[in-house]
Amino acid sequence: MATATALLQSLGLSALCWHPSSLFWTGGTRRIRRRAIDGGRWRRDREPEPPYPRPFSSSLRCQCHGVEGLETESRRDSGGSKSTIGSGKGCFSSAYGRRNVILMAMVPLILPSHQIVEVVDSREVSVIQTGVRNVLSKTKAAGILRMAFHDAGTFDVNENSGGMNGSIIYELDRPENAGLGKSLKKVKKEIDQIQQVSWADLIAVAGAVAILLCGGPEIPVRLGRLDARMPDPQGKLPRESFDASSLKRCFLEKGFSTQELVALSGAHTIGSKGFGDPNVFDNAYYKILLEKPWTSSAGMSSMIGLPSDRALVEDDECLRWIKIYAGDQVKFFDDFRNAYIKLVDSGALWEGA
């Protein structure tokens, strides 16, 4: 099945009005509304409507929150009267105004709801990504990614608590979160002027942007998370001193397998842990783990990695995945992408759920 974006493009559209009830003719009084009755049929309210054929001098405007410039504008050329929908940012155009209205009205009927959400999310994600890129550098990427891990990492399957809920903004005074959050506070203020975004969504997207900036995989992030209003319980994050058994048990309590534990640990490939280039997201983490440089007393080699990193190669199950990822970066990227998506969805409360 064609994606929502491809279908819209085939219709000559690059945007759509999500709420048909917000469309109205300013030159008349007809409103078009969709009701959740009779299988989702269209019906018009009992207001007088403009004369038929509708005058192209009338202007069709979208009143959706946060949408600018989505309005028909009359124009005339050698082909006769035409109407172009949108002349500004976020607008679209095609041949005849009335046809545009029909196409916009039909999109919710043609596309499954999840594909319409895909189109809407795509625009909102783009706004967040742009805001993050404006302040993010490769040297800050590890800190942003750490913030995403620490916000989502409080999730507990058995207690059904914690997770990706933005609660970290109430937890910045905790030792494990020292120095986090400063870059994103300015970003959120700027993005909120364009569209409201939750801390949870912002942090989840920012982590994905940080990975991509450093050469890692592109990771799609779903939007719609709600923010917590209080901090999550303490003591839920895996400790740096954990051995492999403790790490596996800790991640299992969050719903993650040993494979996912090893894949997510690969995030330490960026930052100051000593696994290759600190600004490049690759599979160097696993290659260096296999070398066990900390066993050498020479120079700074003994300082590479955390105790929890070193513990992974001492566990047979973890070692199996370390070897796989050391020899196959594409496999690592694929598994990391899937594990990250699962991580930032863990424990999330969603709008409309």
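How much space lies in the second largest pocket? The second largest pocket holds about 870 Å³ of space. The legends below begin with an overview and then turn to single sites.

**Figure 1. Overview of the chain.** This is a predicted model, in which local features need pLDDT of at least 70 and side-chain atom pairs count only at pLDDT 80 or more, while totals for chains, interfaces and linings use all residues. Residues are numbered from 1 along each chain as its sequence is written, and side-chain values use heavy atoms, with hydrogens and water left out. The chain has 12 helices and 6 strands; these are DSSP runs numbered from the N terminus (helices: H or I, at least four residues; strands: E, at least two). Of the 353 residues in the chain, 47% are buried. Here buried means under 20% relative accessible area, exposed means over 50%, and partly exposed lies in between (1.4 Å probe, protein chains only). The accessible surface comes to about 18,300 Å², and 51% of this surface belongs to carbon and sulfur atoms. Accessible areas come from the Shrake-Rupley method with a 1.4 Å probe, and for residues only the protein chains shown count as cover. Among contacts in the chain with a separation of 6 or more, 62% are between residues 24 or more positions apart; a contact means heavy atoms within 4.5 Å.

Figure 2. A pocket is found on a 1 Å grid over the protein atoms alone: it is an open set of points where a 1.4 Å probe fits, with protein on both sides within 12 Å along at least five of seven lines, and lining residues have an atom within 4 Å of a point. Grid points are joined across faces, edges and corners, and the volume is the space filled by probe spheres set on the points. Of the 36 lining residues, Arg146, Phe149, His150, Pro238 and His268 are the closest to the centre of the pocket. Helices α4 (138–152), α7, α8 (258–265) and α10 (307–312) each supply at least two residues of the lining. The most comes from α4, with 6 residues.

Figure 3. A nonpolar core is a set of buried Ala, Val, Leu, Ile, Met, Phe, Trp, Tyr and Cys residues joined through side-chain atoms within 4.5 Å. The largest core has 66 residues, and Leu184, Leu202, Phe336 and Tyr340 touch the most other members. Helix α6 (residues 199–213) gives the most to this core, with 10 residues. Beyond its neighbours within four places in sequence, tyrosine 340 is in contact with residues including Leu145, Phe149, Ile203, Gly207, Ile211 and Leu264.

**Figure 4. Aspartate 227 in the loop between α6 and α7.** Aspartate 227 lies in the loop between α6 and α7 (244–252). With 30% relative accessibility, aspartate 227 counts as partly exposed. The side chain of aspartate 227 reaches the backbone nitrogen of tryptophan 199 at 2.7 Å and that of alanine 200 at 2.9 Å. Apart from neighbours within four places in sequence, the residues in contact with aspartate 227 are Asn165, Gly166, Ser198, Trp199 and Ala200.

**Figure 5. Serine 167 in the loop between α4 and α5.** Serine 167 is found in the loop between α4 and α5 (182–192). Serine 167 counts as buried because its relative accessibility is 0%. A polar contact of 2.9 Å joins the side chains of serine 167 and asparagine 165. A polar contact is a pair of N or O atoms within 3.5 Å; within protein, one must be able to donate a hydrogen and the other to accept it, and residues adjacent in sequence count only if both atoms are side-chain atoms. Setting aside neighbours within four places in sequence, serine 167 is in contact with Asp151, Ala228, Met230, Pro231 and Asp232.

Figure 6. Threonine 269 is in the loop between α8 and α9 (284–291) and is buried, with a relative accessible area of 1%. The side chains of threonine 269 and aspartate 282 are joined by a polar contact of 3.1 Å. Glutamine 329 lies in helix α12 (residues 329–345) and is partly exposed, with a relative accessible area of 31%. Not counting residues up to four places away in sequence, glutamine 329 touches Asp282 and Asn283. The side chain of glutamine 329 reaches the backbone nitrogen of asparagine 283 at 3.1 Å.
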